[in-house]
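Hi,

Here is the structure I said I would pass on. Have a look at it first, and then read my notes below.

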Amino acid sequence: MPPKTMVPGDVEAAHQAGRLLWDAERLRAKALEVRRDIITLLSKSQTGHSGGPLSCADFGTALFFHELSIDPRQPKWPERDFWHFSIGHVTPVIYSLMAERGYFPLRDLMKFRAFDGHLQGHPSAHDTPGIEVSAGSLGQGLSVCCGVAMAARLDRHPRRIYCVMGDGEQQEGQIWEAAMFAGHYRLDNLCAVIDYNRKQIDGDVEDIMGVAPLADKWRAFEWNVLECDGHDLGARSSRRAVTAASPP
Ligand SMILES: Cc1ncc(C[n+]2csc(CCOP(=O)(O)OP(=O)(O)O)c2C)c(N)n1
Ligand SMILES: [Mg+2]
């Protein structure tokens with residue numbers, strides 16, 4: 001059965017502060033809107049990546065509309081969870097999730113990569129309120145998130161920290177230093193999500209420089225790893241994906 005279309009009240013509900021904990025039906029409907037936004041903004045701007053954004057659309061919706069405790073009207077809300085897409089090239093999905101959640105108006109998506117807009121091709125903390133850290137150079141995000149997670153622990157701040165990475169990105173050496181750090185220091189407030197879509201720009205990840213067996217590698221770095229279908233919003237697997245993949 002196709003997901004229901006959004007009812008007007010859902011727009012206001014989507015902009016609420018805190019952790020939304022939406023159920024699978026609402027998540028499916030919102031994920032469809034996110035996919036529509038991605039295609040629309042890419043068609044309008046005639047520039048940008050499509051593959052990575054679309055493969056993040058479903059678990060990304062679970063992250064923003066079920067899991068994260070944030071206040072889109074106050075991006076710097078001191079109590080907020082910290083989220084970061086280390087794969088900066090997936091801005092079409094990042095900006096769609098932000099707009100649908102209420103960080104800025106949906107119409108701004110039509111100015112993706114425009115000189116008179118605030119949505120750069122890669123996320124810029126200087127231009128877009130809500131983007132915590134600029135990104136684009138692969139491999140750096142988990143290190144940033146380790147620092148934020150360690151700081152939260154030292155401050156006794158209850159926030160959780162979420163880092164989204166790509167599978168091709170796993171070829172970057174810096175990720176493994178950060179993985180080792182998180183495992184050693186048992187950063188249990190840190191959750192890493194890897195979009196294992198088996199593709200990167202130049203082709204299949206396994207042909208270019210294989211990352212398999214990826215889950216076993218992370219387990220060897222002392223992480224609690226959960227493998228699931230990031231498009232399946234019904235079986236709680238995407239929800240579990242954004243809550244469980246963290247060091248024990
Ligand atoms: C350090 C660095 N090297 C190369 C690139 C160019 N680049 C942008 S996206 C991408 C592919 C990344 O693959 P993956 O992590 O699987 O993301 P997906 O293509 O699946 O979205 C590359 C190599 C980059 N942004 N940063
Ligand atoms: Mg990939």
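Let's start with a pair of helices: α3 and α4 run roughly parallel to each other, because the angle between them falls under the 35 degrees used as the cut-off. Their axes cross at roughly 30° and come within 9 Å. To find them in the viewer, look for residues 51-67, which make up α3, and residues 91-101, which make up α4. Before you go on, keep in mind that this is a predicted model.

The crossing of these two helices, α3 and α4, is right-handed. And which residues meet there? On the α3 side they are P53, C56, A57, G60, T61 and F64, and on the α4 side P92, V93, L97 and R101. Sorted by class, that contact between α3 and α4 has 7 nonpolar residues, 2 polar ones and 1 charged one.

Next, the core. The largest nonpolar core has 57 residues, and the members that touch the most others in it are L142, I161, Y162 and L190. Several elements give two or more residues to this core, namely the helices α2 (24-45), α3, α4, α5 (141-155) and α6 (173-184), plus the strands β3 (82-85), β4 (161-166) and β5 (190-195). It is α3 that gives the most, with 7 residues.

Setting aside residues up to four places away in sequence, I161 touches F82, C145, V148, A149, A152, N189, L190 and C191.

- D204 sits in strand β7, residues 203-204. It has 11 C-beta neighbours inside 10 Å, so D204 counts as exposed. Beyond its neighbours within four places in sequence, D204 is in contact with R198 and K199. Between the C-alpha atoms of D204 and L21 there are 35 Å, and the two are 183 residues apart along the chain.

- T40 is part of helix α2. Is T40 exposed or partly exposed? With 16 C-beta neighbours inside 10 Å, T40 counts as partly exposed.

Cheers

Terms used
Residues are numbered from 1 along each chain as its sequence is written. Chains are lettered from A and ligands numbered from 1 in the order in which they are written. This is a predicted model: local features need pLDDT of at least 70, side-chain atom pairs count only at pLDDT 80 or more; totals for chains, interfaces and linings use all residues. Axes are lines fitted to C-alpha atoms, for helices over the stretch in contact, and angles run from 0 to 180 degrees between N-to-C directions. Helices (H or I, at least four residues) and strands (E, at least two) are DSSP runs, numbered from the N terminus. Angles under 35 degrees count as roughly parallel, over 145 as roughly antiparallel, 65 to 115 as roughly perpendicular and the rest as oblique. A crossing is left-handed if the near helix is turned anticlockwise from the far one by less than a right angle, and right-handed if clockwise. Two residues are in contact if their C-beta atoms, placed from the backbone, lie within 7 Å. Ala, Val, Leu, Ile, Met, Phe, Trp, Tyr, Cys and Pro count as nonpolar, Asp, Glu, Lys and Arg as charged, and the others, Gly among them, as polar. A nonpolar core is a set of buried Ala, Val, Leu, Ile, Met, Phe, Trp, Tyr and Cys residues joined through C-beta atoms within 7 Å. A residue is buried if 20 or more other C-beta atoms lie within 10 Å of its own, exposed if 12 or fewer, and partly exposed in between; C-beta atoms are placed from the backbone.
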